[in-house]
Amino acid sequence: MTPRLTGVGMGPGDPELVTVKAVRVLREAAVVVVPVLDGGETGRAEATVLHHVAGAAAKVERVVFALNEREDRARREAAWDAAGTRVAELLREHGSVAFATIGDPNVYSTFTYLAQTLAPLVPGLVVETVPGITAMQDLAARSGTVLAEGTEPLTLVPVTAGAEVLRDALAGPGTVVAYKFGRLAEQVAAALRDTGRDGSAVWGSALGLPDERIRPAGHPLTGPLPYLSTLIAPATRTRRGGKL
């Protein structure tokens, strides 16, 4: 059997925002791996899997990743190596493994590092992905914010790269989306004010979950906020079809 690893996008948290294909792949998988900070937690991805797949608890395998490690590269890579070793064992045993990840597996996902780690460990490995709805799409829908129209660019910035990266993007044209900005909320608020974007920006966290927080345009951005917060600063539009 050809070993096969499939990254499956679980969306931002609302179990209704999962594709039909994702559900099918999860149900057909012999093992579903979910990334966690420690072995005792039920994360968003796992909760969504359990919602859709009867008896999923018996085939879910929690694999520990240093998901929030930014400073200690050695610790982060050791976690990647340990996770890769475990998933390689599962692939040899079962032939195919699904990896459930929040959002989309090709957008700032742990799945990328796992696939790279497994390549030399599992000869002939086939890697596939099932796209998932992203947090920016969900926030746009829940807040009634248009992400892009006409010739507008759409820029996605992880604020883990620093608030200055976001500031540079805000100074340019088009809509800007910021991910993972909660810990730097005050710096993000300052960047919005300095670029004149504070009046139109919307932000949210825990989308589709009981503790969901969404703040409309113009609402003060104060911190600290949850790490997985999302912000949309839409482009300025003055008339219908003006960017065509």
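Phe-99 and Phe-111 are both buried. Keep in mind that this is a predicted model.

**Aromatic pairs**

The count of aromatic pairs comes to 3. One of them is Trp-80 with Tyr-113, a stacked pair with 4.6 Å from centre to centre and 15° between the planes. This pair links distant parts of the chain, since Trp-80 sits in helix α3 (residues 73-94) and Tyr-113 in helix α4 (residues 110-118), 33 residues apart. Trp-80 counts as buried because its relative accessibility is 18%, under the 20% cut-off. Tyr-113, at 36%, is partly exposed.

Back to the two phenylalanines: the ring centres of Phe-99 and Phe-111 are 5.7 Å apart and their planes meet at 45°, so this pair is tilted. Phe-99 belongs to strand β4 (residues 96-101) and Phe-111 to helix α4, so the pair ties together parts 12 residues apart in sequence.

| Aromatic pair | Centre to centre | Angle between planes | Type |
|---|---|---|---|
| Trp-80 and Tyr-113 | 4.6 Å | 15° | stacked |
| Phe-99 and Phe-111 | 5.7 Å | 45° | tilted |

**Around strand β10**

Ser-229 is part of strand β10 (residues 229-233). With a relative accessibility of 1%, Ser-229 is buried. Its side chain reaches the backbone oxygen of Pro-226 at 2.6 Å. Leaving aside neighbours within four places in sequence, the contacts of Ser-229 include Tyr-179, Phe-181 and Gly-204.

Pro-224 is in the loop between β9 (213-215) and β10. This proline is exposed, with a relative accessible area of 72%. Between the C-alpha atoms of Pro-224 and His-52 there are 33 Å, and the two are 172 residues apart along the chain.

Note on methods. Residues are numbered from 1 along each chain as its sequence is written. This is a predicted model: local features need pLDDT of at least 70, side-chain atom pairs count only at pLDDT 80 or more; totals for chains, interfaces and linings use all residues. Side-chain values use heavy atoms; hydrogens and water are left out. Helices (H or I, at least four residues) and strands (E, at least two) are DSSP runs, numbered from the N terminus. Buried means under 20% relative accessible area, exposed over 50%, partly exposed in between (1.4 Å probe, protein chains only). A polar contact is a pair of N or O atoms within 3.5 Å; within protein, one must be able to donate a hydrogen and the other to accept it, and residues adjacent in sequence count only if both atoms are side-chain atoms. Contact means heavy atoms within 4.5 Å. Rings of Phe, Tyr and Trp (its six-membered ring) pair if their centres lie within 6.5 Å; planes under 30 degrees apart count as stacked, over 60 as edge-to-face and the rest as tilted.
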